Amino acid sequence: MPAARIPIHAIKGRGAATHLAHRFSRDERNAFDDGWGTLEEGAAEAEELPPLATEVRFEDVKSVLNENDSPDISFDRSLNPYRGCEHGCIYCFARPTHSYLNLSPGLDFETRLIAKRNIVEVLRAELGRRSYRPSHIAIGTATDCYQPIERELRLTRSVIELLQETRHPFALVTKSSAVERDLDLIAPMAAEHLAAVYITVTTLDGELARKLEPRAAAPHRRLRTIRTLAEAGVPVGVSVAPQIPFVNEDMEQVLEAAWAAGARNAFYTVIRLPWEVAPLFKQWLELHYPQRADRIMARIHEMRGGKDYDADFATRMKGSGLWADMIRQRFEKAANRIGFNRERIALDLGAFRPPGAAGQGSLF
């Protein structure tokens, strides 16, 4: 699988700069100078490439609820309507999942998307099992459930419709203002303690956001979404994740703006670079912040025991060491001063009622 760099005009609006070969690839191709002008000819041909288009494939899945027993994660089950994410966030820890599809965690992750077209039918069957016991479901943990293709495919909306029918509690996290479309479902469920929404605001700097999260909503638009949700009575939290040393340095300002918009809970993580995310992020640094790249990676290594990433449950979300402790103190002091996390968002597990067969109505 080629890992050649794509010209800037062709990746406008994309996070990754290459079709990086995944870790299961047998071959990796790299351009080199053979003395015959091959590099120059290839660059000239590449300049004629059109911007990369998004391709959507469909799959039928056998299960949709993912069980979680990780001690550092607060939810028991998660659900993702899509694989891959068009938002193109360069730091996304889920990029390596595309490797299992024999696709690149680079540009393929954000341009070759998979939609689980039978997700509602499978979820209905799983919720209807006699052995099923309700637990909090987190929607959009490995992909943004309101990425652009949701406008047409409406898989997330279909899932929420089923959760409303069964009175099953859920929380979702997104960077998209498209969640406002489903307020007619989310707001009534929130009134019955069955729904909560978290909006990720990584920075207030629009120029930086375009580089970090090229196809996600602008920061000011996400703040407006927080306000819209809060005014509709939906419990709203803000995620200021991930924190990246010397990149997004305005955590306190983000928290203040989110509180003013109506968010009342907040959390953060530090950047995670598992598997192929590390080389992709380094490419991104060389492209956008070449003079700062070494300093940024040195601080990341300081938080990860000298490595790009450490998957230890005790430290993978927040890191370790002096720099990680400084970020933790900054978050805690700002959150306490502003007033975040004084009341826990509690969802009602006791209201659940198993679904009937597809198409079957209820007398009550």
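I started with the open sheet, where 3 strands stand in the order β1-β5-β4 with mixed pairing. I then looked at its edges. These are β1 (55–59) and β4 (82–83), each with a single partner strand, so one side of each has no neighbour in the sheet. I keep in mind that this is a predicted model.

Next I checked how β4 meets β5 (residues 112–116). The two pair in the antiparallel sense over 2 bridges. I found Tyr82 bridged to Ala115 in β5.

**Strand β8**

I moved to β8 (residues 195–200). How many of its residues are buried? I count 6 of the 6, so β8 is largely enclosed by the rest of the structure. I looked at each face in turn. Ala195, Val197 and Ile199 are buried on one side, and Ala196, Tyr198 and Thr200 are buried on the other.

I then listed the neighbours of β8. Strand β7 (residues 170–174) pairs with β8 in the parallel sense over 5 bridges. Within that pairing, Ala171 has Ala196 as its bridge partner. From β7 the chain passes through helix α6 (residues 183–191) to β8, and I note this β-α-β crossover as right-handed. Strand β9 (residues 236–239) also runs parallel to β8, joined by 4 bridges. There I see Val197 opposite Val236.

**Salt bridges**

I noted 24 salt bridges in the structure. I followed three of them.

Glu59 and Arg83 meet through their side chains at 2.5 Å, N to O. Glu59 lies in β1 and Arg83 in β4, so the pair ties together parts 24 residues apart in sequence. Arg83 is partly exposed, at 31% relative accessibility.

Glu110 and Arg95 form a salt bridge at 2.7 Å, N to O. I place Glu110 in helix α2 (residues 107–111) and Arg95 in the loop between β4 and α2, 15 residues apart. Both Glu110 and Arg95 are buried.

Glu150 bridges to Arg181, with the closest N and O atoms 2.7 Å apart. Glu150 sits in helix α4 (residues 150–153), while Arg181 is in the loop between β7 and α6, 31 residues away. Is Glu150 buried or exposed? I find Glu150 buried, at a relative accessible area of 1%. Arg181 is partly exposed, at 31%. I traced shared partners from here and got one network of Glu150, Arg157, Glu161, Arg181, Asp182 and Asp184.

**Arg221**

Last, I looked up Arg221, in helix α8 (residues 219–231). Arg221 has a relative accessible area of 19%. The cut-off for buried is under 20%, so I log Arg221 as buried. Leaving out residues up to four places away in sequence, Arg221 touches Ser177 and Glu180.

Key:
Residues are numbered from 1 along each chain as its sequence is written. This is a predicted model: local features need pLDDT of at least 70, side-chain atom pairs count only at pLDDT 80 or more; totals for chains, interfaces and linings use all residues. Side-chain values use heavy atoms; hydrogens and water are left out. Buried means under 20% relative accessible area, exposed over 50%, partly exposed in between (1.4 Å probe, protein chains only). Contact means heavy atoms within 4.5 Å. Two strands pair if DSSP finds at least two bridges between them. A crossover is right-handed if, with the strands pointing away from the viewer, the path from the first strand over the helix to the second runs clockwise. A salt bridge is a side-chain nitrogen of Lys or Arg within 4 Å of a carboxyl oxygen of Asp or Glu.
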